[in-house]
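Welcome, and please open the model in your viewer. We will take a short walk through it, one selection at a time.

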Amino acid sequence: MFDPFHYEFFVRGLIASTLIGGLCGLVGVYIVVKRMAYIGHGLSHAIFGGAVVSYVLSINFFIGATIWGFLAALLISFTSRKGRIAPDAAIGIITTASFALGVALISRYDTFTQSFEAALFG
């Protein structure tokens, strides 16, 4: 029954999963209390706009998407700090605008040879 504990990779995996589980629990509570439960989903969709912009500008996909995601997170934070818009609404607005920009740009450029669904869903 305790044979797996003799393997170092098993013990390390168990320690890592325990620490990650505790950390995700703490961060998850903070995110729900701050009414930002949509942030992970929202930023993943906002990054699509950055990926398309990086394609149009012919820069590295990962650099463009990373910078765009960081800027989207800052814009969400700035918009929700004003107090007029709730954080979850700010996430929805920024996400939708960025995703729409990506879709508009992808439809305007005929040089995009990949299918839209492949770019969107991987």
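A patch here is made of residues with over 30% relative accessible area and no salt bridge, and nonpolar side chains are joined into a patch within 5 Å. Keep in mind along the way that the model is predicted.

**Stop 1: the whole chain.** Start with a cartoon view of everything. The protein chain has five helices and zero strands, so in DSSP runs numbered from the N terminus the order reads α-α-α-α-α. Of the 122 residues, 21% are buried. The chain exposes about 8,800 Å², with carbon and sulfur atoms supplying 70% of that area. Now think about contacts between residues at least 6 apart in sequence: 54% of them join residues at least 24 apart.

**Stop 2: the nonpolar patch.** Select M1, F2, F5, Y7, F9, F10 and L14 and show their side chains. Together they form a nonpolar patch on the surface, with about 860 Å² of accessible area. M1 sits in the segment before α1 (8-33). Is M1 buried or exposed? Its relative accessibility is 85%, so M1 counts as exposed.

**Stop 3: the rings.** Stay with the patch and look at its aromatic side chains. Ring pairs link F2, F5 and F10 into a cluster. A pair of aromatic rings is described by the distance of the centres and the angle of the planes. The count of aromatic pairs comes to five. In one of them, Y7 and F9 have ring centres 5.8 Å apart and planes at 35 degrees, so this pair is tilted. Next, select F61 and F62: their rings pair edge-to-face, at 5.2 Å centre to centre and 75 degrees between the planes. F61 counts as partly exposed because its relative accessibility is 43%, whereas F62, at 58%, is exposed.

**Stop 4: along α1.** Select α1 and follow it from end to end. This helix has 26 residues and reaches 38 Å from its first C-alpha to its last, close to the 38 Å expected at 1.5 Å a residue. Just after α1, click on R35, which takes a positive phi of about 60 degrees.

**Stop 5: a buried serine.** Finally, select S80, found in helix α3 (residues 61-81). Why does S80 count as buried? Its relative accessible area is 17%, and buried means under 20%.

Notes
Residues are numbered from 1 along each chain as its sequence is written. This is a predicted model: local features need pLDDT of at least 70, side-chain atom pairs count only at pLDDT 80 or more; totals for chains, interfaces and linings use all residues. Side-chain values use heavy atoms; hydrogens and water are left out. Patches are made of residues with over 30% relative accessible area and no salt bridge: like charges are joined within 9 Å, nonpolar side chains (Val, Leu, Ile, Met, Phe, Trp, Tyr) within 5 Å. Accessible areas come from the Shrake-Rupley method with a 1.4 Å probe; for residues, only the protein chains shown count as cover. A salt bridge is a side-chain nitrogen of Lys or Arg within 4 Å of a carboxyl oxygen of Asp or Glu. Helices (H or I, at least four residues) and strands (E, at least two) are DSSP runs, numbered from the N terminus. Buried means under 20% relative accessible area, exposed over 50%, partly exposed in between (1.4 Å probe, protein chains only). Rings of Phe, Tyr and Trp (its six-membered ring) pair if their centres lie within 6.5 Å; planes under 30 degrees apart count as stacked, over 60 as edge-to-face and the rest as tilted. The expected span of a helix is 1.5 Å times one less than its number of residues. Contact means heavy atoms within 4.5 Å.
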